[in-house]
Structure formats: structure tokens, C-alpha cells
Amino acid sequence: MKRIYLLLVLLGSVVCVPAVRAQDSTAKPAAVTTPKLRFLLKLVPPRTTFANDMTPEEGKLIRQHADYWKAQFATGCVLIIGPVLDPKGVWGMAVLETSTEEEARTLAMNDPSVKAGLNKVELLPMELFLMKK
């Protein structure tokens with residue numbers, strides 16, 4: 001008997017509470033969120049040997065580059081970032097998560113090493129298949 005009573009109470013709360021909420025005229029509509037887009041950013045250095053033979057001036061730009069991306073990472077728009085240790089030559093990569101492609105492009109073009117003309121960027125849209133939380 002207790003089980004039947006608990007089942008009825010549970011069913012009543014499942015059915016009645018949403019109905020009461022639906023009738024509540026003061027309830028705020030759910031916020032509409034724009035789905036996030038993801039982009040692979042490839043940072044192309046000026047030469048394949050760059051990681052091993054950068055000049056002091058280039059090293060200064062790379063420190064500015066690192067500081068810039070650390071700040072962007074802190075905002076949440078960078079999911080992952082780092083150098084790719086390709087045997088043909090090290091290059092940089094990041095996965096960006098933004099509302100628009102323009103936003104991702106602006107992030108890429110504002111990299112100090114790109115603005116200075118040292119590095120070039122390639123930006124490619126991605127579709128998310130799996131992502132670790």
C-alpha cells in the first residue's frame with residue numbers, strides 16, 4: 001500500500017509541477033543561446049627550423065604571442081593550444097570556440113606574431129564529434 005501511495009505522489013509531482021509552471025505567467029522565457037562554433041587555428045612559422053633558430057627579436061614576439069593566447073585561454077574561447085612537434089617542422093595549433101567565424105578570425109589576426117608578419121595563420125571550421133568535459 002505504501003508503494004502505491006509513493007508511486008501516486010511521485011507521478012503527481014511529475015505531472016502537476018510542470019503544468020503549474022506552464023501556467024505561471026511570471027515565468028521568464030528560456031534564454032536563447034547562440035550555438036558555439038569551433039575552429040582549428042594553425043600557426044605557420046616563417047621557416048621549418050624556426051623553433052630551433054629564432055632570433056632574439058623573434059623570441060620577443062613569441063613571448064608576446066604566448067602572453068596573448070594565455071589571456072585568450074582565460075576567457076574560455078580557447079579549448080586547447082600548443083605546438084605540434086611535427087618532424088618536418090614545429091607549428092602551432094589551437095581549437096577556438098566562438099559565436100562567429102569573424103570572432104575567431106579576429107582572435108587569430110590579433111596575435112602579436114601575426115600582426116608583426118612573423119607567423120601566418122590558417123583557420124578551418126570544425127565539427128565537434130566528441131569533447132571531454
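Author: A definition comes first: a helix axis is a line fitted to C-alpha atoms over the stretch in contact, and angles between N-to-C directions run from 0 to 180 degrees. The model discussed here is predicted.

Reader: How many helices and strands does the protein have, and in which order do the elements run?

Author: The secondary structure comprises 5 helices and 4 strands. Read from the N terminus, the order of the elements is α-β-α-α-β-β-α-α-β.

Reader: Are helices α3 and α4 roughly parallel or roughly antiparallel?

Author: Helix α3 spans residues 56–75 and helix α4 spans residues 101–109; their axes lie 11 Å apart and the packing angle is about 150°. Angles over 145 degrees count as roughly antiparallel. The relation of α3 to α4 is therefore roughly antiparallel.

Reader: Which residues make the contact of α3 with α4, and how do they divide by class?

Author: Helix α3 contributes Tyr68, Trp69 and Gln72, while α4 contributes Thr106, Leu107 and Ala108. By class, the residues of this contact are 4 nonpolar, 2 polar and no charged.

Reader: Which element gives the largest share of the lining of the largest pocket?

Author: The largest pocket has a volume of about 400 Å³. Of its 20 lining residues, Leu43, Ile62, His65, Pro83 and Gly92 are the closest to the centre. Two or more lining residues come from each of β1 (37–44), α2 (50–53), α3, β2 (78–84) and β3 (91–98). The largest share is 5 residues, and the element that gives it is α3.

Reader: How many residues in the lining of the largest pocket are nonpolar, polar and charged?

Author: The classes can be counted over the lining of the largest pocket.

Reader: Is Ile80 buried, partly exposed or exposed?

Author: Ile80 belongs to strand β2. Its relative accessible area is 46%. Buried means under 20% and exposed means over 50%, so Ile80 is partly exposed.

Reader: Which residues does Ile80 touch, not counting residues up to four places away in sequence?

Author: Ile80 and Met93 are 13 residues apart along the chain, and their C-alpha atoms are separated by 8.1 Å. With residues up to four places away in sequence left out, Ile80 touches Met93, Ala94 and Val95.

Reader: What percentage of the residues in the protein is buried?

Author: The protein has 133 residues. The buried residues make up 24%.

Note on methods:
Residues are numbered from 1 along each chain as its sequence is written. This is a predicted model: local features need pLDDT of at least 70, side-chain atom pairs count only at pLDDT 80 or more; totals for chains, interfaces and linings use all residues. Side-chain values use heavy atoms; hydrogens and water are left out. Angles under 35 degrees count as roughly parallel, over 145 as roughly antiparallel, 65 to 115 as roughly perpendicular and the rest as oblique. Contact means heavy atoms within 4.5 Å. Ala, Val, Leu, Ile, Met, Phe, Trp, Tyr, Cys and Pro count as nonpolar, Asp, Glu, Lys and Arg as charged, and the others, Gly among them, as polar. On a 1 Å grid over the protein atoms alone, a cavity is a set of points where a 1.4 Å probe fits but cannot get out, and a pocket is an open set with protein on both sides within 12 Å along at least five of seven lines; lining residues have an atom within 4 Å of a point. Grid points are joined across faces, edges and corners, and a volume is the space filled by probe spheres set on the points. Buried means under 20% relative accessible area, exposed over 50%, partly exposed in between (1.4 Å probe, protein chains only).
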